[in-house]
Amino acid sequence: MTDYANPSAELRARVALEKYRFKNTHSLGQNFLLSESLIGLLLDDANILPGDNVLEIGPGAGVMTRLLSRRAKRVLAVELDRGLEPVLTDVLEGCDNARVVFEDAMKADLNALTRETFGGEPWRVVANLPYYITADMLLRLTSLECPPESVCIMVQREAAERVMSRPGTKQWCALAAELQYYGEARALTDVPPEAFDPPPHVTSRFIRIDCWADPPVKPRDDKLFRRLIHAAFAMRRKTLANNLKASFGLSQDEARAVLIAAGVDERVRGEALTLEELCGVADEISKRG
Ligand code: SAM
């Protein structure tokens, strides 16, 4: 039975979207999740606990934000579309631990925003974002100065497979290597198109990446390592030596020497290397200044 005196988050969102005649913007990937039961399952999977500080990127109509505010200690929601302001104000009525900021999460100073909202405490990310910014957003979040403890994010199923790919496979890519350097990734739940309003054309997968307590590789120079990962996969048909020449300005002899010192075959392609081997190569470049 519907309790109109104490409406559910879903009902609040549906009423507010109607009241303000909100029109979804396709170019902002506005495929909303409104089902409270589904969002509840996703948050169970995300294992959001009462002491958690949560950054939500792209709150949309705010159903997940409202449920997060009930489960977590504090919620910071960063939304690009100011047109959602009245909707979010209505839906988040009474959610005193939730703060909404209207900014582009790809440009916002997330270090500063999370520090001022969470007072320097650890924080986690939950997001159902437009798929065209998933990869860039994941890289942005996981390479922050003070990165989140975990990132739970809805991605296209194919993107999830890439994120979880292993070295030596066709899907092993710079994104997978960088994210696996940050943490341990696992698939949580598949979500069909009908769960979204409006439905997208793809099947989605909710994934979780937990930051390593003890990272499997500890490069001498974090930035150089990330640069090396991107160089290694830049031109997949070229050998790693050629990619090193192009990206780091090394001569043929220098590139060979780096690979030999790192203990890898000088004719190898970057995509064949494990995270540990990539780290070895980055460290050899770093040692040479
Ligand atoms: N999380 C909500 C949900 O599950 O219903 C909304 C999901 S919808 C797929 C993506 C949301 O991200 C939209 O509200 C959109 O306006 C917002 N968005 C798109 N690009 C963004 C950006 N660069 N920074 C912050 N929010 C963004």
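Biologist: Leaving aside the neighbours within four places in sequence, which residues is Arg12 in contact with?
Modeller: Bearing in mind that this is a predicted model, Arg12 is in contact with Asn6 and Pro7, and also with Arg66, Asp90, Val91 and Glu93, once the neighbours within four places in sequence are set aside.

Biologist: And where does Arg12 lie?
Modeller: Arg12 is part of helix α1, which covers residues 9-19.

Biologist: Buried or exposed, that Arg12?
Modeller: Arg12 has a relative accessible area of 14%, and because the cut-off for buried is under 20%, Arg12 counts as buried.

Biologist: OK, on to the ligand. Which residues come nearest to the ligand?
Modeller: There are 21 residues around the ligand, and of these Leu33, Gly58, Glu79, Asp104 and Asn128 come nearest.

Biologist: What do Leu33 and Asn128 do with the ligand's oxygen atoms?
Modeller: For Leu33, a backbone N or O atom lies 2.7 Å from an oxygen atom of the ligand, whereas Asn128 places a polar side-chain atom 2.8 Å from an oxygen atom of the ligand.

Biologist: Which residue has a polar backbone atom 3.2 Å from a nitrogen atom of the ligand?
Modeller: That is Leu80, through a polar backbone atom at 3.2 Å from the ligand nitrogen.

Biologist: How much of the ligand does the protein bury?
Modeller: The ligand taken alone exposes 600 Å², of which the protein buries 97%.

Biologist: Where does the ligand sit, and which elements give two or more residues to the shell around the ligand?
Modeller: The ligand sits in the largest pocket, and the elements giving two or more residues to its shell are β1 (32-33) and β3 (74-79).

Note on methods: Residues numbered from 1 in each chain as written. Predicted model: local features only at pLDDT ≥ 70, side-chain atom pairs only at ≥ 80, totals over all residues. Heavy atoms only, no water. Helix = DSSP H or I, 4+ residues; strand = E, 2+ residues; numbered from the N terminus. Buried < 20%, exposed > 50% of the residue type's maximum accessible area, 1.4 Å probe, protein only. Contact = heavy atoms within 4.5 Å. Near = heavy atom within 4 Å. Polar contact = N/O pair within 3.5 Å; in protein donor to acceptor, adjacent residues only side chain to side chain. Areas by Shrake-Rupley, 256 points an atom, 1.4 Å probe, with all protein chains shown as cover. 1 Å grid on protein atoms, 1.4 Å probe; cavity = no way out; pocket = protein on both sides within 12 Å on 5 of 7 lines; lining within 4 Å. Sits in = over half its atoms within 2 Å of the grid points.
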